Amino acid sequence: MTLRRSPMNEANSAPPNIPPAFVDALLRTRLSSFIRKSFGSVAPGVDYHHNWHIDAITWRLQEVLEGRITRLIIAMPPRSLKSIAASVAFPAFALGHDPSRRIITASYSADLAIKHANDCRALMRSTWYRRLFPQTVIDPGKDSESEFATTRRGHRLSTSVGGTLTGRGGDLIVIDDPLKAADAHSEPKREAVNAWFSNTLLSRLDDKRKGAIVIVMQRVHQNDLVGHLLEQSLKEWNVLSLPAIAEEEHVVEIDAHRKIRRPIGHLLHEAREPLSVLASLKASLGSDLFAAQYQQSPVPPGGALIRRAWVRRAPIPLSKAPGEKLIHSWDTATKAGENNDWSVCTIWRVGPEGYRLIEVIRERLEYQDLKRRARTLALRDAPDAILIEDMGVGSALIADLRVENFAAIAIRPEADKVTRLAVKAPLFESGRVIFPERASWLPDLEAELFAFPQSKHDDQVDSISQALAWMSRPIAEPRIRRL
C-alpha cells in the first residue's frame, strides 16, 4: 500500500476556507492528521496539543503500513498520546486502507485492552470515519468487546499480555505497555512477559517475513520487553526513543524531509510538561523510576553504585607511556550457551596517571575457543599480568597459560560482587579510572556498570573490579616471568 504524504504541517491549523475535500484527503492519507481528528472523537472536550513527537511517531507507523519497517519499538513517557496513536487511531487507519487487514493488539491488562478496542470501535463508527473509508464496515455479526471484524474479513483482536491466542493469527501486531510499572521489579512477571512474546505472540504472525510488530511503551526496567529484545538483536528493530529531557544531542526524523535536532536539555513537549513539571515528577517518582519511565533509560543517568560523572574520559594513546604496565583481567563464564554469561577480558594500562581502560573483549566461548582467545591476546599484547579468577573454567585457563609461560595470576575473590566494586568506587570518584572518549564496546560496558547491582549481567563489572583490586594493591605481588 502506498500512501501519499501531504507537505502540509499538522502543527498549523487549516485555513477556515480550506475545501472540505482537501481536509478529507489529508485525513485519509496523513496519519498525523488522522490522529488529531481521532483525538476529538475519543476524548471529546479535551484540548489537543500537537507536537513534533507525534509526527515522528506517525512517520514510523506509516512506514510500517507501507512495508518498509516490520519491527518497530517506540519508547516514550506516559501520557504522551502513545495509546491513542498506536492502539486506537493506527488500527482504525490501517483497516480504513485495507479492510481485510488482520490486527492483534495487546496490553498488560484485559481491561486496558478492551478500553482501547472500544475507543477504536467508536472511532470507526463515527460519521467522519465512515465518510473517509466507506468500504470499511464493522460486521454486526462479529462484534464483541475483545474483537470486531469487518465485512471484508479483516479484524481487530484484543488480548492481555499472557492471554491465549490459540488458532488466531494476524499480519499486524501492536503491543502497548506490556508490563505494568508496578510490576517492573518482579522478575517472574518480567520474564513471563518476555516468554509470552517469544513463545506465543511471534508465532501468531501469518507471514513471519512480511508481518509487522509494533511495540509502544514506557521503559520500566532494563530487562523489560524492549530491553530483552534489544539484547537479543538490535539490528532487527527500528527504535524510536523519546526521552522527556534529551541527555545527549541527537536528531529525530519527523518525515522524509524534516528532522528536529534535540540538544542536551531539550524537552519533549514543553507546552504540556515544562521543566518545572518534570522536576516535580522526578522528585515524587525518584531518580530510578524517572530515568526509566520518562527518560527511557532504566539505568539512572548518574549511575547506581558507580556514578557516571566520576568516570574520567581521555583518548587512548597509541602506545604505553614510560613506566606503564599492561594488564589483562579475565572473567570467564562456565558455559557458552546463549543464555549464559559472557567471558570478558578488560585490558588496562596502569601508571602514575591512573588506571586506563583501553579495550573490552566480551564473547560467549566454549573452553577451547576461550583458551585460544586468551592466548592470542597474550601474544599480541605481551601483558605484564593476566588476571584470572581461580574457579571453574578459570582454574583450567590459568594452568594452560602457565604451561606456555604466560604471566597468568590466580585471583581468589575475598568478598561478594557488590562489595568488591564498592571498595574501589573511590578510584572512580577521584578520577583515577580513565575510560576512552568513544569505543564500540563502551555503551554496553557503561549500561552494565552504571546499573550495577541491578544490571542483568555483571561479567564486565567483575572483570573491572578484579583488575582494580590487583592494580591498586598496596604491596606489589611478584610477577611471573616468562622463560
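Mentor: Start with helix α3, residues 52-65: this helix lies across β1, β6 (172-176), β7 and β8, and runs at about 165 degrees to β1. Keep in mind that the model is predicted.

Trainee: Which strands make up the sheet that has β1 and β8 in it, and in what order?
Mentor: That open sheet has 8 strands, in the order β3-β4-β5-β2-β6-β7-β1-β8, with mixed pairing. Its edge strands are β3 (138-143) and β8 (238-241), each of which pairs on one side only. From one strand to the next, the twist averages 20 degrees.

Trainee: And β1 with β7, parallel or antiparallel?
Mentor: Parallel: β1 (residues 71-75) and β7 (residues 212-217) are paired over 5 bridges.

Trainee: Where does α5 sit?
Mentor: Helix α5, residues 110-124, lies across β2 (102-107), β3, β4 (147-150), β5 (155-160) and β6. Its direction is at about 160 degrees to β5.

Trainee: On to helix against helix. What do I quote for a packed pair?
Mentor: The angle between the two axes and the distance between them.

Trainee: Then what are those for α3 and α4?
Mentor: The axes of α3 and α4 (residues 82-97) come within 12 Å and cross at roughly 40 degrees. At that angle α3 is oblique to α4. The crossing of α3 past α4 is right-handed.

Trainee: Which residues make that contact?
Mentor: From α3, Leu 61, Gln 62, Val 64 and Leu 65; from α4, Ala 85, Phe 90, Phe 93 and Ala 94. By class, the α3 contact with α4 has 7 nonpolar residues, 1 polar and no charged ones.

Trainee: How about α4 and α5?
Mentor: Those axes come within 9 Å and cross at roughly 45 degrees, which makes α4 oblique to α5. α4 passes α5 in a right-handed crossing. On the α4 side the contact residues are Ser 83, Ser 87, Val 88, Ala 89, Pro 91, Ala 92 and Leu 95, and on the α5 side His 116, Asp 119, Cys 120, Leu 123 and Met 124. They divide into 8 nonpolar, 3 polar and 1 charged.

Trainee: Next topic: the sheet with β13 in it. What order do its strands take?
Mentor: The order is β11-β17-β14-β13-β12-β15-β16, 7 strands in an open sheet with mixed pairing. β11 (312-313) and β16 (408-411) are at the edges with a single partner strand each, so one side of each has no neighbour in the sheet.

Trainee: How do β13 and β14 run, and how many bridges join them?
Mentor: Strands β13 (residues 343-351) and β14 (residues 354-363) run antiparallel, joined by 9 bridges. Val 344 is opposite Arg 362 in β14.

Trainee: Which helices pack on that sheet?
Mentor: One of them is α12 (residues 393-403), which touches β15 (385-389) and β16 and makes about 150 degrees with the direction of β15. Another is α16 (residues 459-471), touching β12 (325-331), β13, β14, β15, β16 and β17 (433-435), at about 30 degrees to β13.

Trainee: Last thing, confidence. What is the mean pLDDT?
Mentor: The chain mean is 88, and 92% of the residues reach 70 or more. Residues 1-13 have pLDDT below 50, and that stretch has 35 contacts in the model beyond near neighbours in sequence. Residues 476-483 stay under 50 as well, with 13 contacts beyond four places in sequence.

Technical notes
Residues are numbered from 1 along each chain as its sequence is written. This is a predicted model: local features need pLDDT of at least 70, side-chain atom pairs count only at pLDDT 80 or more; totals for chains, interfaces and linings use all residues. Side-chain values use heavy atoms; hydrogens and water are left out. Two strands pair if DSSP finds at least two bridges between them. Helices (H or I, at least four residues) and strands (E, at least two) are DSSP runs, numbered from the N terminus. Axes are lines fitted to C-alpha atoms, for helices over the stretch in contact, and angles run from 0 to 180 degrees between N-to-C directions. Contact means heavy atoms within 4.5 Å. Angles under 35 degrees count as roughly parallel, over 145 as roughly antiparallel, 65 to 115 as roughly perpendicular and the rest as oblique. A crossing is left-handed if the near helix is turned anticlockwise from the far one by less than a right angle, and right-handed if clockwise. Ala, Val, Leu, Ile, Met, Phe, Trp, Tyr, Cys and Pro count as nonpolar, Asp, Glu, Lys and Arg as charged, and the others, Gly among them, as polar. pLDDT is the predictor's confidence in each residue, from 0 to 100.
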